[in-house]
Amino acid sequence: MTEEHVIIIGNGISGITLARHIRKQSKKKITVVSNETDHFFSRTALMYIYMGHMKFEHTKPYEDWFWEKNRIELKNGTVSAINTRNKSVLFENGESINYDTLAIATGSKPNKFGWPGQELKGVQGLYHFQDLENLEKYAPNNQVCKRAVIVGGGLIGIELAEMLQSRNIPVTFLVRENSFWGNVLPQAESNMLNQHILKHHIDLRLGVNLKEIKAEANGVVKSVIIKETNEEIDCNFVGLTTGVSPNIAFLKSSELETNKGVLVNQFLETNIKDVYAIGDCAEQRDAIGNRKTIEAVWYTGRMMGETLAQTICGNRVAYNPGHWFNSAKFFNIEYQTYGWVNAIPSPGNKYFHWMHSNEEKCITLEYNQETKVFLGINTFGIRMRHEVFDTWLTEKRDINYVIHNLEKANFDPEFYKHYERDIQTKFNLDLAEKQI
Ligand SMILES: Cc1cc2nc3c(=O)[nH]c(=O)nc-3n(C[C@H](O)[C@H](O)[C@H](O)COP(=O)(O)OP(=O)(O)OC[C@H]3O[C@@H](n4cnc5c(N)ncnc54)[C@H](O)[C@@H]3O)c2cc1C
């Protein structure tokens with residue numbers, strides 16, 4: 001009997017986790033296809049390569065010999081279509097390979113919204129390794145790139161700003177919202193970040209949209225025009241960081257049901273037998289709890305890969321991501337979030353907010369006004385322990401308990417200044433004033 005052949009399209013965190021975990025549990029033939037890099041690397045570390053903190057080699061979690069030793073075949077190529085009737089994957093160069101089981105793990109692509117000039121040279125997103133190569137071409141230093149404009153104020157936008165700034169390239173940052181990440185963060189936190197960004201000499205423009213990108217005669221970007229004011233800003237590089245969406249255009253002709261992403265159930269199964277989707281490109285048909293149906297974050301890709309490996313190896317398991325968490329860095333400020341803190345409290349909920357009087361540190365907790373049950377925390381500048389908040393969320397602890405046990409969650413080293421007392425004093429004050 002020939003071995004079952006599993007083809008995984010995509011060698012990012014979700015595809016590679018799947019391949020590794022299938023290999024741990026079985027002898028199946030595994031082929032991982034990618035058109036990006038020969039070997040898996042950490043996308044989240046892309047910024048550190050440009051900033052000179054790491055070489056590309058350092059971003060590869062596994063040595064190059066690992067794949068052959070573990071009989072995981074790596075194939076470089078672009079998949080242009082899949083045929084689920086004869087179970088084959090078709091490549092741009094005309095080749096085709098048959099599968100028994102197929103996993104689609106093709107990740108995301110940067111959004112573009114049809115702006116005039118969005119395809120010019122020197123205009124790009126920051127997602128794939130090739131984006132880093134183009135960034136080196138169009139923004140290697142401040143002689144070649146006298147100014148860069150970044151469009152879109154999210155997590156990748158701020159990373160790109162920090163990267164360019166590390167090479168002393170002046171940056172103008174166009175943000176549609178009236179405050180940085182104001183559609184995600186409570187106002188006080190977003191305000192703190194506005195100030196922090198300005199302090200890093202970024203020309204932050206809030207409440208503005210891109211109208212058009214203009215080119216030199218050679219097709220390289222020369223300026224952008226702001227929609228609201230018609231102001232023209234000269235620049236040699238434009239970063240488009242207005243979010244990402246699932247990278248699934250090649251599935252158009254297939255019989256797979258798609259919406260924004262490949263539609264899957266909680267077992268990561270598509271509408272076609274033996275075809276699954278995981279990672280950024282998968283869209284849950286029904287949201288799991290309060291979670292979004294598409295989650296473009298690293299750890300969910302890894303979790304989906306681990307889960308699907310079990311199913312493919314004969315133990316059908318549902319994907320269960322647990323409580324939401326995430327972390328990021330805004331220049332020098334570390335951010336973590338556990339559970340749900342909304343940009344404005346959900347109906348029936350309230351915030352408890354503490355901000356340091358002169359350091360860039362704050363926390364916001366959302367809780368139910370009636371039951372006082374703790375629902376989530378955002379923390380800036382103070383590191384907290386994931387497992388502690390995960391437990392408290394599961395145990396549905398009340399806000400009073402959380403505030404008075406915060407030191408159990410603090411992850412900063414002992415010699416760091418601690419702020420629990422300050423936070424508890426503010427909480428007791430709010431309580432006395434019947435604000436809680
Ligand atoms: C700059 C940056 C910073 C980030 N930082 C964080 C962070 O700090 N924390 C966090 O949680 N998340 C972060 N993310 C998001 C995180 O990296 C992604 O959620 C994650 O990498 C997605 O993994 P994936 O395996 O689903 O897809 P991907 O990593 O996108 O891998 C998919 C692979 O499939 C390939 N592919 C696509 N289509 C085809 C095709 N037709 N044929 C062949 N190959 C194809 C792609 O080229 C790619 O190599 C960041 C993302 C970026 C871009």
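Me: Before we start, what counts as a polar contact here?
Reply: A polar contact is a pair of N or O atoms within 3.5 Å. Keep in mind that this is a predicted model.

Me: OK. How far is the polar backbone atom of I13 from an oxygen atom of the ligand?
Reply: The distance is 3.2 Å. That pair falls within the 3.5 Å limit.

Me: And W298, what is the distance there?
Reply: A polar backbone atom of W298 sits 2.9 Å from a ligand oxygen.

Me: How much of the ligand does the protein cover?
Reply: On its own the ligand has 1000 Å² of accessible area, and the protein covers 91% of that.

Me: Which elements give two or more residues to the shell?
Reply: Those are α1 (13–25) and α5 (155–166).

Me: What about N11, side chain or backbone?
Reply: Side chain. A polar atom there lies 3.4 Å from an oxygen atom of the ligand.

Me: Which residues come nearest to the ligand?
Reply: S14, N35, E36, Y127 and D280, out of 29 residues around the ligand.

Me: How does the shell split by class?
Reply: It has 15 polar, 10 nonpolar and four charged residues.

Me: Switching topic. What is the volume of the second largest pocket?
Reply: About 300 Å³.

Me: Which lining residues are closest to its centre?
Reply: N290, H323, G339, W340 and L375. The second largest pocket is lined by 19 residues.

Me: And the classes in that lining, what are the counts?
Reply: The lining of the second largest pocket has eight polar, eight nonpolar and three charged residues.

Key. Residues are numbered from 1 along each chain as its sequence is written. This is a predicted model: local features need pLDDT of at least 70, side-chain atom pairs count only at pLDDT 80 or more; totals for chains, interfaces and linings use all residues. Side-chain values use heavy atoms; hydrogens and water are left out. A residue is near a molecule or strand if one of its heavy atoms lies within 4 Å of it. A polar contact is a pair of N or O atoms within 3.5 Å; within protein, one must be able to donate a hydrogen and the other to accept it, and residues adjacent in sequence count only if both atoms are side-chain atoms. Accessible areas come from the Shrake-Rupley method with a 1.4 Å probe; for residues, only the protein chains shown count as cover. Helices (H or I, at least four residues) and strands (E, at least two) are DSSP runs, numbered from the N terminus. Ala, Val, Leu, Ile, Met, Phe, Trp, Tyr, Cys and Pro count as nonpolar, Asp, Glu, Lys and Arg as charged, and the others, Gly among them, as polar. On a 1 Å grid over the protein atoms alone, a cavity is a set of points where a 1.4 Å probe fits but cannot get out, and a pocket is an open set with protein on both sides within 12 Å along at least five of seven lines; lining residues have an atom within 4 Å of a point. Grid points are joined across faces, edges and corners, and a volume is the space filled by probe spheres set on the points.
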